[in-house]
Amino acid sequence: MTKPRPPLSKELQLRVFRRDKWVCRWCNRPVIFAPVMRLIESKVRNAGRVEPLSYYHTHWTRDGAPLLDELGAVIDHIEAHSTGGSSEEPNLATACCRCNVRKSAASMHEWAKRPQRKPIKGKYGEPQHWDGLSALFVVLAKRDRSGLTASEKDWLRVLAGATADAR
Ligand SMILES: [Zn+2]
């Protein structure tokens, strides 16, 4: 068992996601800001969809949310917290859910020896403007604030910045 670590602030998480251009440090895949998937799913439901949808699931399960199971954005400790890695920005990296699960608490040394998820390499350059769909989150969240969870309201505040209309 690893000891629980204090949650990282949303401000810090967003700085890391933006610094890394919303791309997984380990496999180079574009990652997705998970809360947007819940809002998209609820919009589709509100539009009358009754059959099951697999856009969002709290635990990012493969059957409940296959996209997040693969590409959900998480913050990874480069040197694991359980082996003494800090929670300061230089030790944090953007990761996809898959790489995060595979890395788990491995030290960088152990991790480097393991077979990796094959990194994506773009033929025409790396994405410069991908944002994990976080701008879509802001648009959808502002449309219906009453339906937001406390955590989503906090994300909206952080993502939209300290502008007056984000309140
Ligand atoms: Zn990855």
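Select strand 1 (residues 73-77) and strand 2 first: these two strands pair in the antiparallel sense over five bridges. Pairing here requires that DSSP find at least two bridges between the strands. Strands (E, at least two residues) and helices (H or I, at least four) are DSSP runs, numbered from the N terminus. The model is a predicted one, in which local features need pLDDT of at least 70 and side-chain atom pairs count only at pLDDT 80 or more, whereas totals for chains, interfaces and linings use all residues. Residues are numbered from 1 along each chain as its sequence is written, and side-chain values use heavy atoms, with hydrogens and water left out.

**Stop 1: the strands**

Within the strand pair, display V74, which stands opposite A95 in strand 2. Next, colour strand 2 (residues 92-96) by accessibility. Five of its five residues are buried, so strand 2 is largely enclosed by the rest of the structure. The term buried denotes under 20% relative accessible area, exposed over 50%, and partly exposed in between (1.4 Å probe, protein chains only). In a regular strand, side chains alternate between the two faces of the sheet. On strand 2, L92, T94 and C96 are buried on one side, and A93 and A95 are buried on the other, which leaves both faces covered.

**Stop 2: the zinc site**

From C96, move to the metal. Which atoms coordinate the zinc ion? The SG atoms of C24, C27, C96 and C99 do so, at 2.3 to 2.4 Å. Donors are N, O and S atoms within 2.8 Å of the metal (3.2 Å for Na, K and Ca); water is not among the atoms, so sites may look incomplete. Along the chain, the donors follow the spacing C-x2-C-x68-C-x2-C. C27 is buried, with a relative accessible area of 0%, and C99 is buried at 1%.

The angles at the metal may be inspected next. The four donor atoms subtend angles of 103 to 118° around the zinc ion, which makes the arrangement tetrahedral. Four donors count as tetrahedral if all angles lie between 85 and 135 degrees. The ideal angle for four tetrahedral donors is 109.5 degrees.

**Stop 3: the aromatic cluster**

Now select F17, W22, F33, F137 and W155, which form one aromatic cluster. Rings of Phe, Tyr and Trp (its six-membered ring) pair if their centres lie within 6.5 Å; planes under 30 degrees apart count as stacked, over 60 as edge-to-face and the rest as tilted. By this rule the structure has four aromatic pairs. One of them joins W22 and F33 edge-to-face, with 6.0 Å centre to centre and 85° between the planes. W22 and F33 are both in the loop between helix 1 (10-19) and helix 2 (34-46), eleven residues apart. W22 is buried at 3% relative accessibility, and F33 is buried with a relative accessible area of 3%.

F137 belongs to helix 6 (residues 134-143) and F33 to the loop between helix 1 and helix 2, so the pair ties together parts that are 104 residues apart in sequence. F137 is buried, with a relative accessible area of 0%.

**Stop 4: the salt bridges**

Finally, show the charged side chains. How many salt bridges does the structure hold? There are eleven, each defined by a side-chain nitrogen of Lys or Arg within 4 Å of a carboxyl oxygen of Asp or Glu.

- R25 and D20: the closest N and O atoms are 3.8 Å apart. R25 is partly exposed at 39%, whereas D20 is buried at 14%.
- R98 and E70: the N to O distance is 3.5 Å. R98 lies in helix 4 and E70 in helix 3 (residues 66-71), so the bridge ties together parts that are 28 residues apart in sequence. R98 is partly exposed at 29%, and E70 is partly exposed at 23%.
- R157 and D154: the N to O distance is 2.8 Å. Both residues lie in helix 7 (residues 150-160), three residues apart, about one turn of the helix. R157 is partly exposed at 39%, and D154 is partly exposed at 28%.

To close the tour, select R62, D69, E70 and R98, which salt bridges with shared partners join into one network.

Definitions and conventions
Four donors count as tetrahedral if all angles lie between 85 and 135 degrees; four count as square planar and six as octahedral if opposite donors are over 155 degrees apart and all others between 65 and 115; anything else is irregular.
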